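Dear colleague,

Please find the structure below, followed by a short account of what was found in it.

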Amino acid sequence: MMAAAGGNFSDEEFWKACAELQQPAVARKWELLLETSGISVYRLLEESTWLYKYKIFGVLKDCSPALLKEVYMDLGYRKQWDQYVNELYEKECDGETLVYWQVAYPFPMYNRDYVYIRELRELDMEGRKIYVILAKSTSSSQFPERSGVIRVNQYQQSLAIESDGKGGSRVFMYYFDNPGGLIPSWLINWVARNGVPNFLKDLEEAYHKYPKKK
């Protein structure tokens, strides 16, 4: 098992993401929101915030898991292919690597920014190699809040990637954030129906244009 960092996430959290690839945990209250181009998006209302959690399952054809993981982890490259990134960089803080991420919101809303930690592990699940990347919000005095930008303090994302056996990747992604402020319903609906599945499509396209791809 390989880890890029340690101590911020439990083993159980990594295995939980792996298990979603084998048996998606979308029973009970999870709602199938849409299916498009081999991607399925589910959502569940988080009653404490009245916001939705999302689970996305899909297959990215002709994308090897090892390189797809590298594309996802490459923050410098993401600034080239993710049109919503305003700022994105890593910074060492008290022995930990933190990520600062500012997301462009449509006018007249304020941009949102995040400070988060992330960790990559390569797991062996009954002979299947699975890459898992976990991320969650944190706080640091090294990243003071900025005027005109709303800090997102509740953010969590999981990504699990394994081979589909045909030269592509099976992917599971979990996503939740609380953007704060007043978000119009049209934007929430657009993100759910377009932004979430489009992220995987954009990631797939970025894979094929990756400068380090041999």
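A contact here means heavy atoms within 4.5 Å. Among contacts in the protein between residues at least 6 apart in sequence, 60% join residues at least 24 apart.

This is a predicted model, in which local features need pLDDT of at least 70 and side-chain atom pairs count only at pLDDT 80 or more, whereas totals for chains, interfaces and linings use all residues. Residues are numbered from 1 along each chain as its sequence is written, and side-chain values use heavy atoms, with hydrogens and water left out.

The protein has 4 helices and 11 strands, which are DSSP runs numbered from the N terminus (helices: H or I, at least four residues; strands: E, at least two). Along its principal axes, the C-alpha trace spans about 50 × 40 × 35 Å.

Buried residues make up 47% of the 214 residues; buried means under 20% relative accessible area, exposed over 50%, and partly exposed in between (1.4 Å probe, protein chains only). Helix α2 (residues 65-73) is mostly covered, with 7 of its 9 residues buried, among them Leu67, Leu68 and Lys69.

Most residues other than glycine have a negative phi. Arg28, in the loop between α1 (11-22) and β2 (31-36), has a positive phi near 60° and counts as exposed at 85% relative accessibility. Trp50 lies in the loop between β3 (39-46) and β4 (51-60); its phi is positive, at about 60°, and Trp50 is exposed, with a relative accessible area of 62%.

With kind regards
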